[in-house]
Amino acid sequence: MFIRKVVLTNIRGFEAFTLDLCGDNDAPRMRTLVLGRNGTNKTTLLRSIGLGLSDPSGASALVELPIGGLVRREKNKGSIVVVLDGGSGRPDVDDTLRLTLTRRNEREHVEGEPNALLDDL
């Protein structure tokens with residue numbers, strides 16, 4: 001199974017960001033290189049992908065780590081969407097994983113429903 005697309009909304013330095021991981025033939029790329037200077041949100045992108053692929057309880061544990069919040073400072077809610085290639089072969093399973101982060105009382109909380117697709121990963 002491969003990641004086709006990552007969509008971040010109000011996640012740290014990304015107000016609205018879409019990363020398409022498919023090539024010209026619309027097939028998922030086997031490799032993607034992320035380059036940038038310090039402070040350009042490369043780690044935020046990787047953290048977001050990790051959170052997006054986690055179930056809500058695992059994502060909650062990752063958000064609690066003392067390495068800085070993910071929701072943009074001026075916002076109270078952010079979202080992470082990870083679109084997979086549909087290789088699950090299960091018509092009853094949505095191949096899009098959605099996670100919402102909400103800031104309440106200076107802490108971030110994860111909202112989302114477990115996705116049956118995660119059982120196959």
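**Figure 1. The salt bridge of E111 and R104.** E111 has a relative accessibility of 33% and therefore counts as partly exposed, a class that lies between buried (under 20% relative accessible area) and exposed (over 50%), with a 1.4 Å probe and protein chains only. Its side chain forms a salt bridge with R104, the closest N and O atoms being 3.5 Å apart; the term is used for a side-chain nitrogen of Lys or Arg within 4 Å of a carboxyl oxygen of Asp or Glu. R104 is likewise partly exposed, with a relative accessible area of 40%. The model is predicted, so local features are given at pLDDT of at least 70 and side-chain atom pairs at pLDDT 80 or more, whereas totals for chains, interfaces and linings use all residues. Residues are numbered from 1 along each chain as its sequence is written, and side-chain values use heavy atoms, with hydrogens and water left out.

**Figure 2. The loop between β4 and β5 at E106.** E106 is found in the loop that joins β4 (96-104) to β5 (107-111), where strands (E, at least two residues) and helices (H or I, at least four) are DSSP runs numbered from the N terminus. With a relative accessibility of 77%, E106 counts as exposed.

Figure 3. Five strands form an open sheet in the order β2-β1-β3-β4-β5, with antiparallel pairing, two strands being paired if DSSP finds at least two bridges between them. Because β2 (14-20) and β5 stand at the edges with a single partner strand each, one side of each is left without a neighbour in the sheet. From one strand to the next the twist averages 10 degrees. β1 (residues 3-11) pairs with β2 in the antiparallel sense over six bridges, and within this pair K5 stands opposite D20 of β2.

**Figure 4. The two helices on the sheet.** Helix α1 (residues 42-52) packs on the sheet and touches β1, β2, β3 (77-84) and β4, its direction making about 110 degrees with that of β1; contact means heavy atoms within 4.5 Å, and angles run from 0 to 180 degrees between N-to-C directions of lines fitted to C-alpha atoms, for helices over the stretch in contact. Helix α2 also packs on the sheet, touching β4 and β5, and its direction makes about 165 degrees with that of β5. Along the sequence, these elements follow the pattern β-β-α-α-β-β-β.

Figure 5. The chain has three salt bridges in total. In one of them the side chains of D26 and R4 meet at 3.0 Å, N to O, linking distant parts of the chain, with D26 in the loop between β2 and α1 and R4 in strand β1, 22 residues apart. R72 forms another with E74, the closest N and O atoms being 2.9 Å apart. R72 counts as buried at 16% relative accessibility, whereas E74 counts as exposed at 53%.

**Figure 6. A nonpolar surface patch that includes L62.** L62, L65 and I67 make a nonpolar surface patch of about 250 Å²; patches are made of residues with over 30% relative accessible area and no salt bridge, like charges being joined within 9 Å and nonpolar side chains (Val, Leu, Ile, Met, Phe, Trp, Tyr) within 5 Å. L62 is found in helix α2 (residues 56-63) and is partly exposed, with a relative accessible area of 35%.

Notes:
Accessible areas come from the Shrake-Rupley method with a 1.4 Å probe; for residues, only the protein chains shown count as cover.
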